[in-house]
Amino acid sequence: MNELDFIELVLKEASGFIKAKYAGRTRIQAHEKNGANDLLTEVDLAVQKQIVDRIASTFPEDAILAEEDGLDRHPAKPPQRCWIIDPIDGTQNFLRGIFPAFGVTVAFAVNREIVAGGVSLPVTQDLFLAERGAGAVRNAQPIRVSQQDELTRARLVVDFSIPQHRETTLMAFGKILRNAGSVRCTGSAVIDLCSVACGEADAYVHAGLNPWDFAA
């Protein structure tokens, strides 16, 4: 099994579990990591463990970088092969039932270069897959970015993130935000980046992403 096929497999497994948990989200407990807007649930941890265990059994020599459970520390020496995981991007949306805009994402890197990645949106059952040099697909159909080149006609997606990042966002991108044709905020980096990848949005703005947010 190659890495992209593996990514597709683990994303489909994780998505079924997440969708079932989403149906009973009012019973899920959450706690704060770094403030009221940075939440962690047992579902995040369970999904990450499921994916990490799969990687460990299939590619036991590979390194793993992931958002939760102490796996977010960058190794002193970059590994040759590394998997990058976000078990649920958009945990706030997952818990509160917004849109529902959240996804699970897995990427694979060789010598610090991303060579394959995938994003699954469990509720809508959209699956995005990409391989370096081979393009990207959504539900097996090729996708491409928008050709819009006028800001006043563009759809911009922005994430204002945690309070510490908002002033930076407004200072750095205020002119763009004021002049874009339309502005949306979903609260999920993977939703927004996939929207750009398939041409549903024209640009994405964020002042403080981590590797697991954008690698795939």
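Student: Leaving aside neighbours within four places in sequence, which residues is Ser-15 in contact with?
Tutor: Ser-15 is in contact with Val-104, Ser-120 and Pro-122 once those neighbours are set aside, where contact means heavy atoms within 4.5 Å. Keep in mind that this is a predicted model, in which local features need pLDDT of at least 70 and side-chain atom pairs count only at pLDDT 80 or more, while totals for chains, interfaces and linings use all residues. Residues are numbered from 1 along each chain as its sequence is written, and side-chain values use heavy atoms, with hydrogens and water left out.

Student: And is Ser-15 buried or exposed?
Tutor: Ser-15 is buried, at a relative accessible area of 9%; buried means under 20% relative accessible area, exposed over 50%, and partly exposed in between, using a 1.4 Å probe and protein chains only.

Student: Where does Ser-15 lie, and what does its side chain reach?
Tutor: Ser-15 lies in helix H1, residues 3-23; helices (H or I, at least four residues) and strands (E, at least two) are DSSP runs numbered from the N terminus. The side chain of Ser-15 reaches the backbone oxygen of Leu-11 at 2.8 Å.

Student: Switching to charges, how many salt bridges are there?
Tutor: The count comes to nine salt bridges, a salt bridge being a side-chain nitrogen of Lys or Arg within 4 Å of a carboxyl oxygen of Asp or Glu. One of them pairs the side chains of Glu-13 and Arg-54, at 2.4 Å from N to O. That pair links distant parts of the chain, with Glu-13 in helix H1 and Arg-54 in helix H2 (residues 42-58), 41 residues apart. Glu-13 is partly exposed at 26% relative accessible area, and Arg-54 is partly exposed at 31%.

Student: What about Lys-49 and Asp-53, how do their side chains meet?
Tutor: The side chains of Lys-49 and Asp-53 meet in a salt bridge of 2.7 Å, N to O. Because Lys-49 and Asp-53 are four residues apart in helix H2, about one helical turn separates them. An α-helix has 3.6 residues a turn, so residues three or four places apart point the same way. Lys-49 counts as exposed at 53% relative accessibility, whereas Asp-53 is partly exposed at 39%.

Student: Which residue does Arg-153 form a salt bridge with?
Tutor: Arg-153 forms a salt bridge with Glu-150, and their closest N and O atoms are 3.2 Å apart. Arg-153 counts as exposed at 60% relative accessibility, while Glu-150 is partly exposed at 38%. Elsewhere, salt bridges that share partners join Glu-3, Asp-62 and Arg-81 into one network.

Student: OK, hydrophobics now: which residues have the most contacts inside the largest nonpolar core?
Tutor: The largest nonpolar core has 29 residues, and those with the most contacts inside it are Ile-7, Ile-51, Trp-83 and Phe-94; a nonpolar core is a set of buried Ala, Val, Leu, Ile, Met, Phe, Trp, Tyr and Cys residues joined through side-chain atoms within 4.5 Å. At least two residues of this core come from each of H1, H2, strand E4 (81-89), helix H3 (91-96), strand E5 (103-110) and strand E7 (126-131). H1 gives the most to this core, with eight residues.

Student: What does Phe-94 touch, not counting residues up to four places away in sequence?
Tutor: On that basis Phe-94 touches Ile-18, Lys-21, Tyr-22, Arg-25, Ile-28, Val-43, Ile-88 and Phe-102.

Student: How many residues of helix H5 are buried?
Tutor: Seven of the nine residues of helix H5 (residues 189-197) are buried, which leaves this helix mostly covered. The buried residues of H5 are Ala-189, Val-190, Ile-191, Asp-192, Cys-194, Ser-195 and Val-196. H5 is followed by Gly-199, whose phi is positive, near 85°.

Student: Last one, the whole chain: how many helices and strands are there?
Tutor: The protein chain has six helices and 12 strands, and buried residues make up 41% of its 216 residues. Residues 24 or more positions apart account for 60% of the contacts in the protein chain with a separation of 6 or more. Along its principal axes the C-alpha trace spans about 50 × 40 × 35 Å.

Methods
Polar contact = N/O pair within 3.5 Å; in protein donor to acceptor, adjacent residues only side chain to side chain.
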